[in-house]
Amino acid sequence: MNAGLAQRNPEASSTRGVMAERPDVGKLSVRNVGKIYDPEGAAVVAVEDCDVEVEAGDFVAIVGPSGCGKSTLMNAIAGFDTITSGEIMLDGVPLASPQLAPRPGPDRVVVFQHGALFPWKTVLENVTYGPMVQGKLSADEARIKAMGLLGECGGLDRVADTYPPQLSSGMQRRVEIVRALMNDPSILLLDEPFRAMDTVSKTTMHRHLLQMYRLCRRTIIFITHDLEEAVFLADKVMIMTSRPGTMKKSLDITLPRPRATDMLTSEEFRELKLQLSATVHEEAKKAFVRGEREQA
Amino acid sequence: MKDLLTSKRFWLMWAGYALFMLMWYGSTNWLPIAAFNRLPGPIEVITEWVNPDPFYGISIFTAPYYTHILYSVARATTAFLLAVALGVPLGILMGWSTRFNEYASGLFGLLRPIPPLAWVPVAILLFAQPEAAVVFVTFLVAFFATTMNTFVGVRSIDKDYFRAAECLGSSPTQVLRHVIIPGALPHIFTGLQIAMGAAWFSLAAGEMIAAQYGLGFLVFESYNLIQFPTIVIGMATLGLAGYISSALIRVVGKRLMQWREQALGMEG
């Protein structure tokens, strides 16, 4: 417990307020990226000719059916896996190419689908882990920064000394996002982080995520297959299709920021969601036809 | 303490002991089978065990009793500590490096099924003196259990923890310290408990064959000298020693893994 820090009510600090400035770093370019698994043998094409341009500080959602290569693309950006063609640049510096060994780093922190907080470390130890192992902050500095950020994210400073398995999955996910933000990453990669949650928890998580984005603006790549979530959160929704996995279309979300829950019922939101779902459906149909043709 | 007295588990445990004693008493006194009648009953054993002037020379009031215990405990502890010191690092190395695992796992697969007693002659030839041979045999089983469980422990750590650690800028040694060791700890401690049990098991066997002191020796020697209550005293002491050592490992494990205690408490 930390009585020194004000306990904030998540309701009071709503998503309304001033947006943080666009950051200087975090411009991501994915150019003609392709990934073939087992090129000598079965040669499974997971991703082909994939292009994505993301401006620094943008919130981009990538939607698409399971098995379309979303995770492959994410792993390539994060530095977990190689690519077989094309290149990925971050602020003009090559991150990944067929010649470059993949290397993860604190400039591109991933929040994992099933959560990857270390269960053997307390919330505070988890959150201070990054800057401490990198030697960027002393234990005291890291603790002060962590308590501040945790407090801002809906009063998480109250659970600083708890072990993650004791927290609800929503709280765990928020702590994991704070752990990522502690590294001042250029990009935050969110891999279907709210997938297993019920609608109510999801809505709460959206509000928290938008608030974190408002306070601490970073480039965000958000992978999901929930279209409503994509429209509500992102500036731009990119649609990936399977066979082979590639970016087919993108949709700019013109809803103003900061976003608030009441926008979910607005005419504009409904319009965008319909448009997105029509595009996804159309692309899925095309991919299905291509698949049938392959089988024939 | 009050919880303990009202808990069902506590009373069931004692009911189990009482039932066992009754069956023991019954089988030696009431069953018309000659083989059972030769065995000492519980009353005979307990009166000998707590006798200041024991009939067969071994009770809690005699020095030789403690000499036997001391020898066995010293051997088991030495073997166990050696097994931990070598088995845990080896298991971690096997779990960490695929290449090293390929070297080691084949050999392990062949050596592990060899029963500890089969090692005794080789151990005596190797070490020339029985003391080291008994410790070696005891060490071997504990070592295999520790290594295999540590290996499984490292392998069972979720890949995402490694990825998360790399994302957060960890060096390989930091991954070892902050992910591999704490992540494998639950399995390591399961392994240590199995190792301790196995150590007592093969220690007693080794002592029967190649020792001058120790509880295993006591059991076998009393058999040769037809001192039946002393056999049971030796057996019961082995049981107690094994139980206490396992309990000690559990206590240490609980202290090192508070995060797990908390999590399990939540579920229960």
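The model is a predicted one, where local features need pLDDT of at least 70, side-chain atom pairs count only at pLDDT 80 or more, and totals for chains, interfaces and linings use all residues. Residues are numbered from 1 along each chain as its sequence is written, chains are lettered from A and ligands numbered from 1 in the order in which they are written, and side-chain values use heavy atoms, with hydrogens and water left out.

Chain B has 13 helices and 0 strands; helices (H or I, at least four residues) and strands (E, at least two) are DSSP runs, numbered from the N terminus. Along its principal axes, the C-alpha trace of chain B spans about 70 × 55 × 35 Å. Contacts here mean heavy atoms within 4.5 Å. Of the contacts in chain B with a separation of 6 or more, 66% are accounted for by residues 24 or more positions apart.

B:Arg75 sits in helix H5 (residues 63-96) of chain B and is buried, with a relative accessible area of 3%. Leaving out residues up to four places away in sequence, B:Arg75 touches B:Glu131, B:Val134, B:Val135, B:Leu203, B:Glu207, B:Ala211, B:Tyr213 and B:Gly214. B:Arg75 and B:Phe139 are 64 residues apart in sequence, and their C-alpha atoms are 9.1 Å apart in space. B:Gln227, for its part, is found in the loop between helix H11 (215-224) and helix H12 (228-256) of chain B. B:Gln227 is buried too, at a relative accessible area of 18%, and touches B:Tyr56 and B:Ser222, again not counting residues up to four places away in sequence.

Next comes the meeting of the two chains. Here 20 residues of chain B are in contact with 24 residues of chain A. The size of an interface is often given as the accessible area lost when the parts come together. Between chain B and chain A the buried area (the accessible area, with a 1.4 Å probe, that two parts lose on being put together, summed over both) is about 2200 Å², and carbon and sulfur atoms give 67% of that. B:Cys167, B:Leu168 and B:Trp259 supply 33% of the area that chain B buries against chain A, more than any other three residues. At least two residues each of the side of chain B that touches chain A come from helix H9 (159-167), helix H10 (172-210) and helix H13 (258-267) of chain B. H9(B) gives the most to that side, with 7 residues.

As for charge pairing, the count between chain B and chain A is 0 salt bridges, a salt bridge being a side-chain nitrogen of Lys or Arg within 4 Å of a carboxyl oxygen of Asp or Glu. Over all chains, the count comes to 18 salt bridges. One of them joins the side chains of A:Lys35 and A:Asp81 (3.5 Å, N to O). A:Lys35 lies in strand E1 (residues 28-37) of chain A and A:Asp81 in the loop between helix H1 (70-78) and strand E4 (85-90) of chain A, so this pair ties together parts that are 46 residues apart in sequence. A:Lys35 is buried, with a relative accessible area of 6%, while A:Asp81 is partly exposed at 24%.

A:Lys249 and A:Glu283 also form a salt bridge, with their closest N and O atoms 3.6 Å apart. This pair links distant parts of the chain, 34 residues apart: A:Lys249 is in strand E10 (residues 246-252) of chain A and A:Glu283 in helix H7 (residues 267-295) of chain A. A:Lys249 is partly exposed, with a relative accessible area of 36%, whereas A:Glu283 counts as buried at 2% relative accessibility. A network of salt bridges links A:Lys27, A:Arg31, A:Glu53 and A:Glu55.

Finally, the nonpolar core, a set of buried Ala, Val, Leu, Ile, Met, Phe, Trp, Tyr and Cys residues joined through side-chain atoms within 4.5 Å. Of the 153 residues in the largest one, A:Ile62, A:Leu73 and A:Ile88 touch the most other members. H10(B) gives this core its largest share, 15 residues.

Key
Buried < 20%, exposed > 50% of the residue type's maximum accessible area, 1.4 Å probe, protein only.
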